[in-house]
Amino acid sequence: MRFEIKARQLPPRIATGAFILNSGIGKLSADESQAAQLHGFAAGTYPFLKKVKPRDFNRLLAVGEIAVAAALLVPVVPGIVAGAGLMAFAGGLLGLYARTPGMRQGGTPLPTQEGTALAKDMWMAGIGLGLIVDDLTSR
């Protein structure tokens, strides 16, 4: 089995990987206040996260983002694997969008002004799905 990245996958993988890597690295230097705010937002949507300390959650999120970014940026990682990781990451973010009150216009999937920051993460899900489909349909 040969793993090779397709040239057509490079632009979305590099752009998305760089974006997520920057976010993950930024979270590594978050202070207690930033960690608590991020944890509170996530735990409000995903109650099981209340058991995790804010600093631990922030560090785990940062490491997870860096791992997803690495999968996208390292060319030996197959598109289907990088795409699956990106889809899982984007799914968590879109779950915040779907489940957090005030993010969507009443009864619609359309974002409110506050929800736009999370709704925009749909592009990551689209890129992840594109990588998966590209690998599955290539010969």
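Trainee: In which helix does Asp-135 lie?

Mentor: Asp-135 lies in helix 6, which covers residues 122–137. Before we zoom in, remember that this is a predicted model, where local features need pLDDT of at least 70, side-chain atom pairs count only at pLDDT 80 or more, and totals for chains, interfaces and linings use all residues. Residues are numbered from 1 along each chain as its sequence is written, and side-chain values use heavy atoms, with hydrogens and water left out.

In order, the elements read α-α-α-α-α-α from the N terminus on. The C-alpha trace spans about 45 × 35 × 25 Å along its principal axes.

Now look around Asp-135. Setting aside neighbours within four places in sequence, Asp-135 is in contact (heavy atoms within 4.5 Å) with Lys-6, Gln-9, Pro-78, Gly-79 and Ile-80. Take Ile-80: its backbone nitrogen lies 2.7 Å from a polar atom of the Asp-135 side chain. Then take Lys-6, whose side chain meets that of Asp-135 in a salt bridge, 2.5 Å from N to O. That term needs a side-chain nitrogen of Lys or Arg within 4 Å of a carboxyl oxygen of Asp or Glu. Lys-6 sits in the segment before helix 1 (10–28) and Asp-135 in helix 6, so this pair ties together parts that are 129 residues apart in sequence.

Asp-134 and Arg-8 join their side chains in a salt bridge of 2.8 Å, N to O. This pair also links distant parts of the chain, with Arg-8 in the segment before helix 1 and Asp-134 in helix 6, 126 residues apart. How covered are the two partners? Arg-8 is exposed, at 54% relative accessible area, whereas Asp-134 is buried, at 14%. Here buried means under 20% relative accessible area, exposed means over 50%, and partly exposed is in between, with a 1.4 Å probe and protein chains only.

The count of salt bridges comes to five, and one of them joins Asp-121 and Lys-120, at 3.0 Å from N to O. Asp-121 is buried, with 4% relative accessible area, while Lys-120 is partly exposed at 40%.

Helix 6 also takes part in the inside of the protein. The largest nonpolar core has 25 residues, and those touching the most other members are Ile-20, Leu-49, Val-68, Leu-72, Leu-86, Phe-89 and Met-124. A core here is a set of buried Ala, Val, Leu, Ile, Met, Phe, Trp, Tyr and Cys residues joined through side-chain atoms within 4.5 Å. Two or more residues come from each of helix 2 (32–45), helix 3, helix 4, helix 5 and helix 6. Helix 4 gives the most, with eight residues. Leu-72 shows how such a member is placed: beyond four places in sequence, its contacts are Arg-13, Thr-16, Gly-17, Ile-20, Ala-82, Leu-86 and Leu-131.

Stepping back, buried residues make up 36% of the 139 residues. Of the contacts between residues at least 6 apart in sequence, 66% join residues at least 24 apart.

Terms used. Helices (H or I, at least four residues) and strands (E, at least two) are DSSP runs, numbered from the N terminus. A polar contact is a pair of N or O atoms within 3.5 Å; within protein, one must be able to donate a hydrogen and the other to accept it, and residues adjacent in sequence count only if both atoms are side-chain atoms.
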